[in-house]
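Here is a short note for a colleague who is opening this structure for the first time. Please keep the sequence and the 3D view side by side while reading.

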Amino acid sequence: MTQLPHYPLFIDGVWTEGGSGQVMRSQNPATGADWATFACADAGDVDRAIGAAKRALNDPAWRDMTQTQRGKLLYRLADLIAEHAQEIGRIETTDSGKLLAETASQTGYVADYYRYYAGLADKIEGAVLPIDKPDMHVFTRREPIGVVVAIVPWNAQMFLTATKLGPALAAGCTVVLKASEIAPAPMLEFARLIEKAGFPPGVVSVITGDAENCAIPLTRHPDVDRIAFTGGPETARHVIRNSAENFAVTTLELGGKSPILVFEDADLDGAANGLIAGNFGASGQSCVAGSRGLVHRSVMDDLIARIEAKMAHVVIGDPLEAATHVGPLCTEAQVRRIEATLAAAVEGGAQIQFGGTRLDRPGNYMAPTLVKCVDAGTETLKVEMFGPVMSLLPFDTEDEAIALANDTPFGLGSGVFTQNVARAHRVSARIKAGICWVNTYRAVSPIAPFGGFNQSGYGREAGIEAVHDYTRTKTVWISTSEAPMSNPFVMR
């Protein structure tokens with residue numbers, strides 16, 4: 001019997017098995033077969049990782065490293081990521097089912113996130129304050145917020161890690177990275193690059209495990225200063241409750257049901273590509289999936305015909321093959337959720353234009369599906385399915401389209417397709433979402449902040465401001481008077 005690859009935990013610069021001996025298996029979503037095993041952390045392992053991070057935070061090897069030197073370490077990490085992008089992409093594809101074309105290219109691009117924050121590392125500045133007291137020199141300095149817990153899901157691991165780890169390390173924090181127990185292999189491979197880059201032991205540890213033994217003790221730990229979480233709203237509620245134990249600063253990047261608005265003057269080929277990218281790209285497994293397509297009634301039939309024509313040439317298959325456009329879903333549970341949601345939508349009067357069934361082949365394959373909805377209450381317009389399902393609903397006026405777009409508890413992404421520049425500005429300003437793409441969709445950059453409104457979370461990742469979120473501001477008062485401090489009972 002062939003022995004499966006095994007991934008231990010990476011704690012305090014050492015590769016180690018979990019204290020409880022718990023081991024989980026990871027399945028290849030394209031075949032349904034086990035392909036790797038990994039060690040799981042327990043509360044003792046969590047305590048070791050946090051303890052190492054706290055020690056490293058105050059160790060001169062990291063504490064006294066200049067900001068420029070930290071930047072050089074991040075540049076080194078970026079180069080290693082770019083060098084190993086294909087290898088990590090192949091492991092991520094095997095573990096999660098995402099297309100190799102996307103995982104490898106996304107990993108390669110992620111290197112630019114670390115380069116961006118490497119460049120910012122020695123530009124984190126304080127300020128001299130024009131204080132209203134003539135005998136005082138007052139300035140601020142930004143110091144590392146402390147020990148950071150970064151929790152990432154399986155669906156865009158390298159990207160969602162970079163938006164947390166990059167600014168945290170640039171600011172001088174130490175980090176315990178918790179990979180999802182679903183498909184954690186790429187994060188554990190990434191830990192090898194962290195080790196190779198030369199970060200001092202304890203600055204970054206990478207662990208994984210279940211909620212009870214790993215995630216709960218991690219987010220409740222008294223020595224945690226900041227939690228950066230990406231995942232689902234229900235898990236986020238638990239994270240917030242746990243953070244009440246340590247008062248850790250918490251940011252949340254959660255899910256969504258993002259609208260894509262297509263107006264009557266839109267370039268319909270471009271709009272069709274935007275809807276396909278927003279719904280079938282990454283097999284629909286994206287937090288910004290544009291799964292609520294709102295289309296002007298006058299162009300609905302033409303748009304659907306263009307989408308159908310384009311999808312006729314789409315290849316569904318092995319995610320490791322270059323010709324494949326749509327691969328398997330990561331878990332069987334996603335397929336079952338989609339089937340149940342589609343059944344409820346059809347019962348409510350919706351029409352499935354194409355797709356709608358799982359594919360008769362090994363693995364977690366769901367056919368790309370287009371649903372014509374009867375009203376805003378259609379089930380597929382409400383449920384985040386995390387799969388290749390596009391739902392289209394007609395509208396007649398601009399105000400109606402905006403009202404439909406905002407009729408959701410979420411607010412992460414949004415899209416607008418129109419050739420009217422005034423309308424693009426007008427509508428994008430009124431949509432309640434953290435991101436709005438106009439005449440494109442699903443574009444990212446280390447320079448652009450990423451995050452949502454409402455139940456899509458709070459806080460922003462990427463961009464200049466993100467690095468400040470990993471710092472605390474200290475105010476320093478220095479008396480410049482030659483006279484000693486006067487009356488101690490009067491506030492100065």
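**Notes on the predicted model**

1. Start with the largest nonpolar core of this predicted model. It has 90 residues. Y114, F190, F199, V262 and I307 touch the most other members.

2. Take V262 as a way in. Neighbours within four places in sequence are set aside here. Beyond them, V262 is in contact with L268, A271, L275, L294, V295, H296, L303, F395 and F417. Another core lies apart from the largest one. This other core has 26 residues, including L342, M366, L404 and I431.

3. Turn to the open sheet. Its 3 strands follow the order β6-β7-β21, and the pairing is antiparallel. The edge strands are β6 (127-129) and β21 (471-479), each pairing on one side only. Neighbouring strands are turned by 25 degrees against each other on average, direction ignored.

4. Look at one pairing in that sheet. Strand β7 (residues 136-144) is joined to β21 by 9 bridges, and the two run antiparallel. H137 has I478 in β21 as its bridge partner.

5. Check two backbone angles. Most residues other than glycine have a negative phi. D12 is not a glycine, yet its phi is positive, near 55 degrees. D12 sits in the loop between β2 (9-11) and β3 (14-16).

6. N439 is not a glycine either, and its phi is positive, about 60 degrees. N439 belongs to the loop between β19 (437-438) and β20 (457-458). With a relative accessible area of 42%, N439 is partly exposed.

Technical notes. Residues numbered from 1 in each chain as written. Predicted model: local features only at pLDDT ≥ 70, side-chain atom pairs only at ≥ 80, totals over all residues. Heavy atoms only, no water. Core = buried A, V, L, I, M, F, W, Y, C linked by side-chain atoms within 4.5 Å. Buried < 20%, exposed > 50% of the residue type's maximum accessible area, 1.4 Å probe, protein only. Contact = heavy atoms within 4.5 Å. Helix = DSSP H or I, 4+ residues; strand = E, 2+ residues; numbered from the N terminus. Pairing = 2+ DSSP bridges. Axes fitted to C-alpha atoms, helices over the stretch in contact; angles between N-to-C directions.
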